[in-house]
Amino acid sequence: MNWRGLGVAVGVGCVLAGLAVVVSPSLAVEVTPSLLTLVGVVAGLAGAAAVYERATTDEQRTEPPTPERPLSVPTPGTELDRQLDALGSRGRRFGIGERRSIRDRLDELAVAVLVRDGESEATARERLAAGTWTDDPHAAAFFAEAHASDVPLEERLRAAFSGEPSPRRRARHAIDALARIADREHEQ
């Protein structure tokens, strides 16, 4: 029997003796100083045994696993926003690559949206080139440069004083117009 077993046996014996005294008070013995000393010595030995066992045991703590952190993923549209910001922000000589990239991406997207709206691919491309796919003249001008003059004079003056470069404004309007068409498709 090890120290732990001895301690458990002494503890269980004390509990049973206490319960027996509660049930039958005549079993109680007179408490004398020597009995109190004996109980104190036994309790002290039990405590010392517990401390000794704790100190000599190779108990290793289990480390909880590191909580899994969520993956950092880019926000959809961040790259497009960056490209839109680059359009015309550094003068006419810069932003050509961004303009071409945005135009290619939006061209594919526009054809896909119009095809989903019921157009054939050829008809969608014709409407984009003719600028008839939307009522927004800025959005239409993004795909059909010839229709840039269809923007009313008041709108052109307002745009000229807004400080927003034309390519960015047209791209933003085209994106909004395509989103409206796509939303209309979802609502039906």
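Predicted model: local features only at pLDDT ≥ 70, side-chain atom pairs only at ≥ 80, totals over all residues.

Colleague: Where does Thr134 lie?

Modeller: Thr134 sits in the loop between H5 and H6.

Colleague: Is Thr134 buried or exposed?

Modeller: Thr134 is buried, because its relative accessible area is 17% and buried means under 20%.

Colleague: How far apart are Thr134 and Leu106?

Modeller: In sequence, Thr134 and Leu106 are 28 residues apart. In space they are 14 Å apart, C-alpha to C-alpha.

Colleague: New topic, the core. Which residues touch the most other members of the largest nonpolar core?

Modeller: That core has 21 residues. Ile102, Leu128, Trp133, Phe142, Phe143 and Ala171 touch the most other members.

Colleague: Which elements give two or more residues to this core?

Modeller: They are H3, H4, helix H5 (121-130), helix H6 (137-143) and helix H8 (166-187).

Colleague: And which element gives the most?

Modeller: H4 does, with six residues.

Colleague: Okay, at what angle do H4 and H8 pack?

Modeller: About 20 degrees, with their axes 10 Å apart. That makes H4 roughly parallel to H8, because angles under 35 degrees count as roughly parallel.

Colleague: Is the crossing of H4 and H8 left-handed or right-handed?

Modeller: H4 passes H8 in a left-handed crossing.

Colleague: Which residues meet there?

Modeller: From H4, they are Arg99, Ile102, Leu106, Leu109, Ala110, Val113, Leu114 and Arg116. From H8, they are Pro167, Ala171, Ile175, Leu178, Ile181, Ala182 and Glu185. By class, the contact of H4 with H8 has 12 nonpolar, no polar and three charged residues.

Colleague: What about H3 and H4? At what angle do they cross?

Modeller: Helix H3 (residues 78-86) and helix H4 (residues 96-116) cross at roughly 135 degrees. Their axes come within 9 Å. H3 and H4 are therefore oblique to each other. The crossing of H3 and H4 is left-handed.

Colleague: Which residues make the contact?

Modeller: H3 brings Glu79, Leu80, Arg82, Gln83, Leu84 and Ala86. H4 brings Glu98, Ser101, Ile102 and Arg105. The residues of this contact of H3 with H4 divide into four nonpolar, two polar and four charged.

Colleague: And how do H3 and H8 cross?

Modeller: The axes of H3 and H8 come within 9 Å and cross at roughly 150 degrees. H3 and H8 are therefore roughly antiparallel to each other, because angles over 145 degrees count that way. H3 passes H8 in a left-handed crossing.

Colleague: Which residues meet in H3 and H8?

Modeller: Leu80, Leu84 and Asp85 in H3 meet Arg168, Ala171 and Ile175 in H8. The contact of H3 with H8 divides into four nonpolar, no polar and two charged residues.

Colleague: Switching to single residues. Where is Arg103 found?

Modeller: Arg103 is in helix H4. Arg103 counts as partly exposed, at 34% relative accessibility.

Colleague: What is Arg103 in contact with?

Modeller: Phe142 and Phe143, leaving aside neighbours within four places in sequence. Arg103 and Phe143 are 40 residues apart in sequence, yet 7.8 Å apart in space, C-alpha to C-alpha.

Colleague: Is His173 buried or exposed?

Modeller: At 19% relative accessibility, His173 counts as buried. The place of His173 is in helix H8. His173 touches Asp136, His138 and Ala139, not counting residues up to four places away in sequence.

Colleague: Last one. Where is Pro152?

Modeller: Pro152 is in the loop between H6 and helix H7 (153-162). Pro152 counts as partly exposed, at 41% relative accessibility. Pro152 and Pro137 are 15 residues apart in sequence and 8.3 Å apart in space, C-alpha to C-alpha.

Note on methods: Residues numbered from 1 in each chain as written. Heavy atoms only, no water. Axes fitted to C-alpha atoms, helices over the stretch in contact; angles between N-to-C directions. Helix = DSSP H or I, 4+ residues; strand = E, 2+ residues; numbered from the N terminus. Parallel < 35°, antiparallel > 145°, perpendicular 65-115°, else oblique. Left-handed = near helix turned anticlockwise from the far one by under 90°. Contact = heavy atoms within 4.5 Å. Nonpolar A, V, L, I, M, F, W, Y, C, P; charged D, E, K, R; others polar. Core = buried A, V, L, I, M, F, W, Y, C linked by side-chain atoms within 4.5 Å. Buried < 20%, exposed > 50% of the residue type's maximum accessible area, 1.4 Å probe, protein only.
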